[in-house]
Amino acid sequence: MFARTERLLLRPAWPEDAAPLAQAIGHEAIARMAARVPHPYSINDAERWLAHPCGATEPRFLITTLDGGGAPVLIGGIAIIAGDTGHELGYWLTPAAWGRGYATEAGRAVVATARHALPIARLNAWHFADNPASGRVLAKLGFRPTGQRMARASAGRDTLSPSIHYALDLKDERNRAMPLAA
């Protein structure tokens, strides 16, 4: 499965992506904000993730940017996974890509895919309480806080950390994502 946005190509991950994946995700700042990303992140970690099968309702993409006009550059990943609370949206960006709207742009494409091509009625998402930027991305995608908070595992922190739960009803037209600000 592929998705194309104005600036991004979301594509499947292939075995030859191991080295660029390890380089892009191998930052402590990413591991601290992601539940399943260890630090340090090795090529072996990337190879294991690349070899891990995903279910029919669990699309996962590498996020590549098309901004430079040359070959696409790997800047992140985004996926829907079967999690503790049902289908969950998860994403990460390499630090050089932060603050440019890429997470929102990729998220809109994946939410649209979930809404139109997958038999999923609801998407959930969590973010660590000390990562409010992720909460802002989720709000732009139409997710709403549920009021549920819990301590969730973080491989990069090696501890449980306070997290905030968001949900998006994919079948409710009122939950459409807000348009990007000009």
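What follows is a working chat about a predicted model.

Colleague: What should I know before reading numbers off this?
Modeller: The model is predicted, so to speak of local features takes pLDDT of at least 70 and side-chain atom pairs count only at pLDDT 80 or more, while totals for chains, interfaces and linings use all residues. Residues are numbered from 1 along each chain as its sequence is written, and side-chain values use heavy atoms, without hydrogens and water.

Colleague: Which residues of helix α3 are buried?
Modeller: D45, A46 and L50, in the helix at residues 43–51. Buried means under 20% relative accessible area and exposed over 50%, with partly exposed in between (1.4 Å probe, protein chains only). Helices (H or I, at least four residues) and strands (E, at least two) are DSSP runs, numbered from the N terminus.

Colleague: Why are those on the same side of α3?
Modeller: Because they cover an arc of only 130° around the axis, taken from the directions from the helix axis to the C-beta atoms. R48 and A51, on the other side, are exposed.

Colleague: What do the buried ones pack against?
Modeller: α1 (18–25) and β3 (60–65); contact means heavy atoms within 4.5 Å.

Colleague: Switching to the hairpin. How many residues lie between β7 and β8?
Modeller: 4, and D158 in the turn has a positive phi of about 60°. The strands run antiparallel, joined by 8 bridges; strands pair if DSSP finds at least two bridges between them.

Colleague: Which residue in β8 is the bridge partner of R152?
Modeller: S161.

Colleague: And what does F143 touch?
Modeller: Leaving aside neighbours within four places in sequence, F143 has contacts including L89, V111, L123 and Y166.
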